[in-house]
Amino acid sequence: MRLREVERGDSVRSRALIRIISVALGARLPDAARVAFYHKHFVGSALGAWTQRAMRGSSEWSVAERELMATMVAQWNSCPFCVGAHRAIAVRGMDKAVADACLTDYRSAPISDHLRATLAVLETMTLRPEELRPDQVRAAMAAGVTRRQLVDATAVAALFNIITRYANALDFAIPTDAEFEKAAGMMLKRGYA
Amino acid sequence: MSTDTDARHHDLAEALRATVAGEAGVTEASLRIATAARAAGGPPVDQPYDTLARQIGDASYRVTDAEVDAVRQATGGDKATFEIVMSACVGAGLARWDAAARAIEEATDAPA
């Protein structure tokens, strides 16, 4: 269910920001940004800080690879808003056909062995966290994944196991493909904080 | 061996966990903490919070307007409802972070 106060903003400042950014974007400001502006001192600031670090901070993974991981978590959690939003960002830095092959079946997609092994860890973490064992982590490392890559990737997955859930529960409006494209440019420029 | 990257993620995750139980909320902190735990597979909480927390944890795409509205009726406002929803989401996400951190730590013999 959509919460009206989240959609319209809970302060003069946030309502002005929603209007100004919508005009600059040339589209309705996506609900993800409206949530980020709302009741910010509750979890918003802490969530934004960790998301900015995980998605745009230093990492052995490229921004596009991290956005693809976010897209995959969204797919596993059946979140169409986040699939559309993060696929649109990922394909600014990788071949669209590769991203779509991952969404169809990452096991057979033309990606590196270490990304494939990492996605297997993230899939278990997302869908069956109680089954995540050190053996699966060791298997990923045997495929060439470093410990740092695993920590960075599991941070991305943890965050999108939060974000996809509120996108679904709060019934985020699904933008058009053209609107996702516009928002992707903004997210690459402005980030998550 | 633990790295700076690990420590930074760890600190940011713990800061997020602390906000759920923090003083910035309009709902009772004990309800937010219990809701977060419920979404992570923990013990039941009072209705209507229990149904929403469990659904967010297990299958958020199945959350209905009625489940969210029941919480809105019980809490009396959007801000409180938002806090319950976000607490459940953070609980489910951090439970997965904790599971991954344990597996990495056991596999590499170093704290994550």
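Leaving aside neighbours within four places in sequence, with which residues is Gly93(A) in contact? In this predicted model, Gly93(A) is in contact with Ser62(A), Val63(A) and Ala64(A), once those sequence neighbours are set aside.

- Between Gly93(A) and Met187(A) the C-alpha to C-alpha distance is 13 Å, while the two residues stand 94 residues apart in sequence.
- Ser78(A), found in the loop between helix H5 (63-76) and H6 of chain A, has a positive phi of about 50 degrees although it is not a glycine.
- Ser78(A) has 14 C-beta neighbours inside 10 Å and therefore counts as partly exposed.
- Asp171(A), which lies in the loop between H10 and helix H11 (177-190) of chain A, likewise is not a glycine and has a positive phi, in this case of about 55 degrees.
- With 16 C-beta neighbours inside 10 Å, Asp171(A) also counts as partly exposed.

**Overall make-up of chain B**

- The secondary structure of chain B consists of five helices and zero strands, so that its elements, taken from the N terminus on, run α-α-α-α-α.
- The C-alpha trace of chain B spans about 50 × 30 × 20 Å along its principal axes, and 47% of the 112 residues of this chain count as buried.
- Among the contacts in chain B with a separation of 6 or more, 50% are accounted for by residues 24 or more positions apart.

**Helices H2 and H3 of chain B and the loop between them**

- In H2(B), the buried residues are Arg32(B), Ala34(B), Thr35(B), Ala36(B), Arg38(B) and Ala39(B), and just after this helix Gly41(B) takes a positive phi of about 95 degrees.
- The loop between H2 and H3 of chain B holds Pro48(B), and a cis peptide bond, with omega of about 5 degrees, joins Gln47(B) to this proline.
- In helix H3 (residues 49-59) of chain B, Tyr49(B), Leu52(B), Ala53(B), Gln55(B), Ile56(B) and Gly57(B) are buried.
- These buried residues of H3(B) pack against helix H10 (147-169) of chain A, and also against helix H2 (29-39), H4 and H5 of chain B.

**The pair H4 and H5 of chain B**

- The crossing of H4(B) and H5(B) is right-handed.
- From H4(B), Val68(B), Val71(B), Arg72(B) and Thr75(B) meet Ala80(B), Thr81(B) and Ile84(B) of H5(B), and by class this contact has four nonpolar, two polar and one charged residues.

**The contact between the chains**

- The contact takes 45 residues from chain A and 43 residues from chain B.
- On the side of chain B that touches chain A, the elements that give two or more residues are helix H1 (4-20), helix H4 (65-75) and helix H5 (78-108) of chain B.
- H5(B) provides the largest share of that side, 22 residues, and by class the side has 25 nonpolar, nine polar and nine charged residues.

**The largest nonpolar core**

- The largest nonpolar core has 94 residues, of which Cys82(A), Val156(A), Tyr166(A), Ile56(B), Val85(B) and Ala88(B) touch the most other members.
- The largest share of this core, 18 residues, comes from H5(B).
- Val85(B) touches Tyr166(A), Ala169(A), Leu170(A) and Ile56(B), when residues up to four places away in sequence are not counted.

Conventions. Residues are numbered from 1 along each chain as its sequence is written. Chains are lettered from A and ligands numbered from 1 in the order in which they are written. This is a predicted model: local features need pLDDT of at least 70, side-chain atom pairs count only at pLDDT 80 or more; totals for chains, interfaces and linings use all residues. Two residues are in contact if their C-beta atoms, placed from the backbone, lie within 7 Å. Helices (H or I, at least four residues) and strands (E, at least two) are DSSP runs, numbered from the N terminus. Ala, Val, Leu, Ile, Met, Phe, Trp, Tyr, Cys and Pro count as nonpolar, Asp, Glu, Lys and Arg as charged, and the others, Gly among them, as polar. A residue is buried if 20 or more other C-beta atoms lie within 10 Å of its own, exposed if 12 or fewer, and partly exposed in between; C-beta atoms are placed from the backbone. A crossing is left-handed if the near helix is turned anticlockwise from the far one by less than a right angle, and right-handed if clockwise. A nonpolar core is a set of buried Ala, Val, Leu, Ile, Met, Phe, Trp, Tyr and Cys residues joined through C-beta atoms within 7 Å.
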